[in-house]
Amino acid sequence: QVQLVESGGGLVQAGGSLRLSCVASQSIDSGNTMGWYRQAPGKQRELVATIRNGDSTNYADSVKGRFTISRDNAKNAVYLQMNSLKPEDTAVYYCYLVLWKINWGQGTQVTVSS
């Protein structure tokens with residue numbers, strides 16, 4: 001079973017930046033879709049960003065222009081650079097990897113103070 005380990009969450013002031021990392025326990029390649037979801041308290045989990053088929057990316061409208069997803073297949077990793085953070089970005093962020101099935105990380109908390 002694939003293990004996904006996230007890191008990089010924390011507390012930041014509005015306008016600040018954070019970089020989330022997610023490392024898979026198995027080799028990945030550009031054909032494996034990876035991405036990030038988030039879930040705020042009392043809300044449904046929502047898709048934040050996806051990277052697939054090499055470097056094709058998609059973003060939620062709420063993060064376009066502020067967040068950037070990237071990957072390093074040699075390190076079995078996907079990253080989420082988050083800039084100009086807003087209090088409404090506060091959530092638990094989960095990475096996922098499509099490898100035989102959808103595999104999830106344990107989540108990392110991001111808190112943005114106003």
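Two rings of Phe, Tyr or Trp (for Trp, its six-membered ring) make an aromatic pair if their centres lie within 6.5 Å. By that rule, this predicted model holds three aromatic pairs.

**View 1. Tyr37 meets Tyr96 edge-to-face.** The two ring centres sit 5.4 Å apart and the planes make an angle of 70°, over the 60 degrees needed, so this pair is edge-to-face. Tyr37 counts as partly exposed, at 23% relative accessibility. Tyr96 counts as buried, at 7%.

View 2. Trp104 is partly exposed, with a relative accessible area of 36%.

**View 3. Two arginines lie over tyrosine rings.** Arg19 lies over the face of Tyr79, 4.1 Å from the ring centre. Arg45 does likewise with Tyr94, at 3.9 Å from the ring centre.

**View 4. The largest nonpolar core.** This core has 29 residues, and Trp36, Leu80, Met82 and Tyr93 have the most contacts inside it. Elements giving two or more residues to the core include β3 (18-24), β4 (34-39), β8 (77-82) and β11 (108-113). The top contributor is β9, with five residues. In soluble globular proteins, nonpolar side chains tend to be buried together.

How values were computed
Residues are numbered from 1 along each chain as its sequence is written. This is a predicted model: local features need pLDDT of at least 70, side-chain atom pairs count only at pLDDT 80 or more; totals for chains, interfaces and linings use all residues. Side-chain values use heavy atoms; hydrogens and water are left out. A nonpolar core is a set of buried Ala, Val, Leu, Ile, Met, Phe, Trp, Tyr and Cys residues joined through side-chain atoms within 4.5 Å. Buried means under 20% relative accessible area, exposed over 50%, partly exposed in between (1.4 Å probe, protein chains only). Helices (H or I, at least four residues) and strands (E, at least two) are DSSP runs, numbered from the N terminus. Rings of Phe, Tyr and Trp (its six-membered ring) pair if their centres lie within 6.5 Å; planes under 30 degrees apart count as stacked, over 60 as edge-to-face and the rest as tilted. A charge sits over a ring if NZ of Lys or CZ of Arg is within 6 Å of the ring centre and within 35 degrees of the ring normal.
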